[in-house]
Structures are given as C-alpha cells and as structure tokens.
Amino acid sequence: MPDPVEISRDGHVALLRLNRPEARNALSPEMMEQIAATLEAFDPDPDIRCVVIAGSEKVFAAGADIKAMSERSFAEALRHPASSFWRRLGAVKTPTIAAVSGYALGGGCELALACDMIVASDTALFGQPEITLGIIPGGGGTQRLARVLGKQLAMEYVLTGRRFDADMGLRMGLVNKVVKKGKWLQEAMDLAQTVAERPPIATRLAKQAVLGAEETSLSAGLENERRLYELAMATEDRVEGMQAFLEKREPKFEGK
Ligand code: CAA
C-alpha cells in the first residue's frame, strides 16, 4: 500500500502530496494523522520555512472518508482523531500554501481553507457538500467561509452544498491566484520559495499577526501586531535586512 501522503523537500520548502487516488484523496484517519504529524515535526525545524499541501491534477481532496464515517457511532465520532486534526492544523506556525487542482470538497475544501494561501488550477472546484449527506462541515468550513466570503455567501454554499470554481474563488477572495491546468503546482512552489527567502522568524510573526485579525477586535489585533513587530525588531535578521538595504546588496537571512 503506498503512503497516503508523499513528502518531499525543495530547499527550504516542503511539499506534502495527498495520494489516495482510489478514494479521490478522501481524508482517512491515517492520512490526517500523517498530515498533522508531519506539519508538527516540520514546525520546530529551522530548515523548513514554508509548506505546500497538494493533491493530484484531478483532485485535491474529496473530503472526509464517507465510508469510514458512515459506520461511526456518535461516541466514536467524539473520540475520532478528526476532532483534534483541525486544531492541530490551526496550531502550525510555519506558513502553508494549498495547491488545489480539481475537487476540494468537504474536508478537502476545509483543508485548503486552513492553509494560509490557496493557489488554484483553473480546473479547481470548491464546495462544502456535507449538507447533502445530512451533516454539516466539521473542519472549520462554516467559520472560515463566513470570514472570507461573508455571511450571505457562506450560508448559500453551506446550506445548498453547491460548488464554486477557481475564478469565483478568486473573485470572492478565497483564492490567491488561478493558474492554467498543469502549472498550478509550480506556481504554488514558486510562491512558497518566495516566502522561504524571507526572514523566517518575521514570516512566522507576520502569519501570527494576520491570523490575529480573525480572532480579535481591531484594537486587540493592533496591540498584538505591535508586540509581534517589537519581537521582529529584536532579531538579527532585521539588522541584516536593514543593513543590506543601506549597503544596496541582497540580505542573507539566518533565522536568528
Ligand atoms: N470518502 C470516501 N470515498 C470517496 C470519497 C469520500 N469523500 N469521495 C470519493 N470516494 C470514492 C468513491 O466511493 C469511489 O469508490 P469506489 O471506486 O470504491 O466506488 C471512488 O472514490 C471514486 O469516486 P467517484 O466514482 O465518485 O469519482 P468521480 O471522479 O466520478 O467523482 C467526486 C469525484 C466529485 C469527488 C465524488 O467522488 C464525490 O462527490 N465525492 C464525495 C464528496 C463529498 O461529499 N465530500 C464531503 C465528505 S464529508 C466531510 O468532508 C465532513 C467534514 O467536513 C468533516
């Protein structure tokens, strides 16, 4: 049985590729554990500065594993690893990019939404079809869609289970970039390489500051940003960054 998640490295960028084509990359418990454990293992590694999560050309992920879910009792659902999977993803400090081609449905859409940015192929189709199965999204779909799209549009997609395409995702602010079929993964890797070239402590602080906007009031968010900015001012990388600018040369960031 091949690994449900293939892991590779390109410089400071790690790539996780979901690999369960026979089930359209449905998120099995093994797959979720491998994704969460890999991201947690990368988090303290100073050599990993950005992570890309991708599926195949045809499917990013078709959601939670419906076969496994159909047999789960209420008590089992409470204990299931999925209940901690989304919290574990939310705790990752390394910047993450979802590279989406084909279907990103249910938990697949939620996995993309849990990443910091989304690069999509023009074939990508997003949606939260849980309602058609008699359930509702359980991996952050209602909350993250409402924050990105606003209440009205989130309601429409969550209550109908309708899909939307990459261009619509771009117009609604959910997708960062739409790329032609075949080029989406390279585009996501290029974006990740650019993030990885930036000073890594600052990119993590910046991620924390931006995510703070979803959690707090403006005044608390501004205060949080100020503290994180002050932390950035204490790094060696910012001395190097400013010195390099003044000396008209490229900076060499060490992650210190
Ligand atoms: N779980 C388990 N198996 C799945 C699956 C899923 N989410 N999605 C697809 N599969 C399986 C199918 O059962 C089928 O298996 P068999 O060959 O053994 O019959 C195989 O993958 C191929 O599927 P299709 O023939 O349907 O493939 P397709 O290319 O015609 O269609 C698709 C692809 C549009 C993604 C379609 O498979 C689909 O609609 N899948 C379900 C999507 C969905 O409802 N996701 C929400 C899941 S619930 C959830 O995610 C809960 C949560 O938020 C926590």
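Is Lys-180 buried or exposed? Lys-180 counts as exposed, because its relative accessibility is 60%; here exposed means over 50% relative accessible area, buried means under 20%, and partly exposed lies in between, with a 1.4 Å probe and protein chains only. The tour returns to this residue after a view of the whole chain.

**Before starting**

This is a predicted model, in which local features need pLDDT of at least 70 and side-chain atom pairs count only at pLDDT 80 or more, while totals for chains, interfaces and linings use all residues. Residues are numbered from 1 along each chain as its sequence is written, and side-chain values use heavy atoms, with hydrogens and water left out.

**The whole chain**

Display the chain as a cartoon. Twelve helices and ten strands make up its secondary structure; helices (H or I, at least four residues) and strands (E, at least two) are DSSP runs, numbered from the N terminus. The C-alpha atoms occupy a box of roughly 60 × 45 × 35 Å along the principal axes.

Now display the surface. The chain exposes about 13,700 Å², and carbon and sulfur atoms supply 56% of that area; the areas come from the Shrake-Rupley method with a 1.4 Å probe, and for residues only the protein chains shown count as cover. Of the 256 residues, 41% count as buried.

Contacts (heavy atoms within 4.5 Å) can also be considered for the chain as a whole. Among those between residues at least 6 apart in sequence, 67% join residues at least 24 apart.

**Stop 1: Arg-24 and Asn-25**

Select Arg-24, in the loop between strand E2 (13-18) and helix H1 (29-42). Arg-24 is partly exposed, with a relative accessible area of 40%. Then select Asn-25, which lies in the loop between E2 and H1. Asn-25 counts as buried, because its relative accessibility is 1%.

Most residues other than glycine have a negative phi.

**Stop 2: Thr-94**

Move to Thr-94, in the loop between helix H4 (82-90) and strand E5 (96-100). With a relative accessible area of 1%, Thr-94 is buried. Leaving out residues up to four places away in sequence, Thr-94 touches several residues, among them Phe-42, Ile-48, Cys-50, Val-51 and Lys-207.

Show side chains here. Which side chain makes a polar contact with that of Thr-94? The partner is the side chain of Arg-204, at 3.2 Å. A polar contact is a pair of N or O atoms within 3.5 Å; within protein, one must be able to donate a hydrogen and the other to accept it, and residues adjacent in sequence count only if both atoms are side-chain atoms.

**Stop 3: Thr-203**

Next select Thr-203, in helix H10 (residues 200-215). Thr-203 counts as buried, because its relative accessibility is 13%. The side chain of Thr-203 reaches the backbone oxygen of Pro-200 at 3.0 Å. Beyond four places in sequence, Thr-203 touches Pro-95, Val-195 and Arg-198.

**Stop 4: Thr-132**

Turn to Thr-132, in the loop between strand E8 (125-127) and helix H6 (141-149). Thr-132 counts as exposed, at 56% relative accessibility. The side chain of Thr-132 reaches the backbone oxygen of Pro-129 at 2.6 Å.

**Stop 5**

Select Val-175, in the loop between helix H8 (166-171) and strand E10 (177-179). Val-175 is buried, with a relative accessible area of 5%. Leaving aside neighbours within four places in sequence, its contacts include Ile-118, Ala-120, Phe-126 and Leu-170.

Finally, return to Lys-180, in the loop between E10 and helix H9 (184-197). The C-alpha atoms of Lys-180 and Gln-143 are separated by 29 Å, and the two residues are 37 apart along the chain.
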